[in-house]
Amino acid sequence: MNPEGNLAQDTLKEVAKEVAVCTRCALHHSRKLAVPGEGPADAAIMFIGEGPGFHENEQGRPFVGAAGKFLEELLASISMKRSQVYIGNVVKCRPPSNRDPLPEELLACSGYLERQIQAINPRVIVTLGRYSMAHFLPNAKISDVHGQSMNVKGRLVIPMYHPAAALHQQSLKSTIQQDFLRLPELIAKSASLPEQVEAATQEKKDAKQLSLF
Ligand code: SF4
């Protein structure tokens with residue numbers, strides 16, 4: 001791996017170490033294992049869900065329950081495997097009884113997600129569910145924008161419904177399946193954003209230089 005890749009991997013490991021013992025918000029009380037996220041440090045695509053559920057909290061891995069199986073099926077429908085993409089969440093610890101994360105919890109955890117995004121520098125971010133969409137598009141309504149791509153700070157952000165919501169609501173299932181089928185075309189479109197991605201690479205170089213001091 002090149003030096004930039006090593007730097008990204010180091011950052012991801014550092015974030016994983018920090019979230020394992022983090023007490024920045026009340027969610028640490030319901031944490032068994034933190035779920036920092038997983039995938040290649042140089043992934044071109046990042047999927048961001050809401051927060052760990054029961055199985056994720058037990059195993060310390062994202063999307064390992066029924067929703068994870070559905071996500072893998074969706075990836076397979078576009079000839080992709082989960083090992084090719086980075087998968088994470090906006091909060092790294094399980095909300096009790098799978099309740100929605102609170103604004104203060106989202107805020108407390110957002111710095112970890114931002115460090116992961118800066119390190120991985122993905123061309124495409126697929127948000128799963130309204131809380132991860134709101135991290136990038138605070139005023140958007142998911143029913144209006146799902147499946148559409150938007151340029152946010154030089155990256156293509158594509159909001160989608162959360163696979164767990166689709167499992168509970170049959171009408172959403174076909175919507176998310178159709179949105180996924182459009183992903184390859186949108187990913188190809190991301191190749192036309194070189195200047196912004198280069199800017200992000202420069203940010204990483206700057207961060208590396210700063211870390212030397
Ligand atoms: S959810 Fe995030 S901010 Fe809250 S305790 Fe866990 S790692 Fe820390």
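**Salt bridges**

I began with the salt bridges and counted 8 in the structure, taking a salt bridge as a side-chain nitrogen of Lys or Arg within 4 Å of a carboxyl oxygen of Asp or Glu. This is a predicted model, so local features need pLDDT of at least 70 and side-chain atom pairs count only at pLDDT 80 or more, while totals for chains, interfaces and linings use all residues. Residues are numbered from 1 along each chain as its sequence is written, and side-chain values use heavy atoms, with hydrogens and water left out.

I looked up R115 and found a salt bridge with E18, the closest N and O atoms being 2.9 Å apart. The pair links distant parts of the chain, since R115 is in helix α4 and E18 in helix α1 (residues 3-20), 97 residues apart. For these names I used DSSP runs numbered from the N terminus: helices are H or I with at least four residues, strands are E with at least two. R115 is partly exposed at 30% relative accessibility, and E18 is also partly exposed, at 27%. My classes are buried for under 20% relative accessible area, exposed for over 50%, and partly exposed in between (1.4 Å probe, protein chains only).

Next I checked E58 and K32, whose side chains meet in a salt bridge at 2.9 Å, N to O. This pair, too, links distant parts of the chain: E58 sits in helix α2 (residues 54-59) and K32 in the loop between α1 and β1 (45-49), 26 residues apart. E58 is partly exposed, with a relative accessible area of 33%, whereas K32 counts as exposed at 53%.

Then came R61, which forms a salt bridge with E38, with 2.8 Å between the closest N and O atoms. R61 lies in the loop between α2 and α3 (66-76) and E38 in the loop between α1 and β1, so the pair ties together parts that are 23 residues apart in sequence. Both are partly exposed, R61 with a relative accessible area of 33% and E38 with 23%. I also noted that E38, R61, E72 and R82 are linked in a network of salt bridges.

**Around the ligand**

Which residues surround the ligand? I listed V19, C22, R24, C25, L27, H28, K92, C93, A108, C109 and Y112, counting a residue as near if one of its heavy atoms lies within 4 Å of the molecule. Sorted by type, the shell has 8 nonpolar, 1 polar and 2 charged residues. Helix α4 (residues 103-120) gives the largest share of the shell, 3 residues.

Which residues of helix α9 are buried? In this helix (residues 183-190) I found L183, L186 and S190 buried. They cover an arc of only 65° around the axis, which puts them on the same side of α9; the arc is that of the directions from the helix axis to the C-beta atoms. On the face of α9 turned away from its buried side, I noted the exposed residues E185 and A188.

My last stop was L156, in strand β5 (residues 155-160). L156 counts as buried, at 4% relative accessibility. L156 and K189 are 33 residues apart in sequence and 8.6 Å apart in space, C-alpha to C-alpha.

Key: Ala, Val, Leu, Ile, Met, Phe, Trp, Tyr, Cys and Pro count as nonpolar, Asp, Glu, Lys and Arg as charged, and the others, Gly among them, as polar.
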